[in-house]
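Here's a quick briefing on some side-chain and helix contacts. Have the structure open while you read.

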Amino acid sequence: MNWRGAILPLSLIAGAQLAAATYGITSDALASPAEILGALLAALADGSMIRATLETLAAALGGLFVGGAAGILAGILLGLSGTLNRLMSVSIELVRPVPSVAIIPLFMLVFGLGFRLEIAVVAFSVVWTVLVLTRGAVAGIEPRLLEVARVLGLSRAQAIWKIVLPSALPRIFVALRLAATVSLIVAVTVEVAVNPLGLGYGMQIAQQALRPAWMFAYLVWLIVVGWTFNHLLVRLETVVLRRLNFSGPRR
């Protein structure tokens, strides 16, 4: 990690604290960095921040698992079958641009409020990214590799497991990392909009109570959670590809 990149944000935080100490802040929308840090430590100490974080991550990971699995499976099938891909392409392109926020009212009728709603909306938002990138990765596999699988007498399932998946795995991981970022954004969006759970709901409550220090504390913590979430996924990608002895370009 390039720690020199932290110089600018740390300088801005120091400047904001200096300005707050010099001029004072009496606002329902702003808070000094010291007040935000105090609110963050208080929320961590009483457990409310940890509880909200676990709720948000549970919904984001649940949606990522459901949407990611469906996207990978559909992407492999469409990537291997040109006929199926042509049959489904119009339907996919019609549904894919629908904003995930627009389906919240429909999913509320189906699932009600709670984790099921949030997981369903997150899954809907991530499945298309994973599907499109997986389909492209599978369709781009060298045809001679599939021909080798036929010559060796591998079944369809064996060819997918031994040739298709290892060849497409680097791009599938890229898709999952993009989807992971989207999953966290959508989970917090659902919480802010309708669902009384997690970090987004905590921010909403702090805003309604005119407690800007707590609102910014949730925002700062969300940045930390998002960075850690992405970092762990990158580490997982590195470990998995290393175990598979993948030596090609990873991104």
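Let's start at Arg 144, which is exposed, with a relative accessible area of 61%; here buried means under 20% relative accessible area, exposed over 50% and partly exposed in between (1.4 Å probe, protein chains only). This is a predicted model, where local features need pLDDT of at least 70, side-chain atom pairs count only at pLDDT 80 or more, and totals for chains, interfaces and linings use all residues. Residues are numbered from 1 along each chain as its sequence is written, and side-chain values use heavy atoms, with hydrogens and water left out.

**Salt bridges**

- There are three salt bridges, each being a side-chain nitrogen of Lys or Arg within 4 Å of a carboxyl oxygen of Asp or Glu.
- Arg 144 pairs up with Glu 142 at 3.3 Å, N to O, and Glu 142 is partly exposed at 36%.
- Arg 150 meets Glu 147 at 2.9 Å, N to O; the two sit three residues apart in helix α7 (residues 143-151), about one helical turn. Helices are DSSP runs (H or I, at least four residues), numbered from the N terminus.
- Arg 150 is exposed at 56% relative accessible area, while Glu 147 is partly exposed at 38%.
- Arg 96 bridges to Glu 93, with the closest N and O atoms 2.9 Å apart; Arg 96 is partly exposed at 34%, and Glu 93 is partly exposed at 37%.

**Aromatic rings**

- The structure holds three aromatic pairs. Rings of Phe, Tyr and Trp (its six-membered ring) pair if their centres lie within 6.5 Å; planes under 30 degrees apart count as stacked, over 60 as edge-to-face and the rest as tilted.
- One of them is Phe 107 with Phe 111, edge-to-face at 5.7 Å centre to centre and 90° between the planes.
- Both of these Phe residues belong to helix α5 (residues 104-111), four residues apart; Phe 107 is buried at 16% and Phe 111 partly exposed at 28%.
- Phe 124 and Trp 128 have ring centres 5.9 Å apart and planes at 85°, so they are edge-to-face too.
- Phe 124 and Trp 128 lie in helix α6 (residues 115-139), and both are buried.
- Phe 107, Phe 111, Phe 124 and Trp 128 make up one aromatic cluster.

**Helix packing**

- The axes of α3 (residues 48-80) and α4 (residues 82-95) come within 6 Å and cross at roughly 125°; axes are lines fitted to C-alpha atoms over the stretch in contact, with angles from 0 to 180 degrees between N-to-C directions.
- That makes α3 oblique to α4, since angles under 35 degrees count as roughly parallel, over 145 as roughly antiparallel, 65 to 115 as roughly perpendicular and the rest as oblique.
- The contact (heavy atoms within 4.5 Å) includes Leu 77 of α3 and Met 88 of α4.
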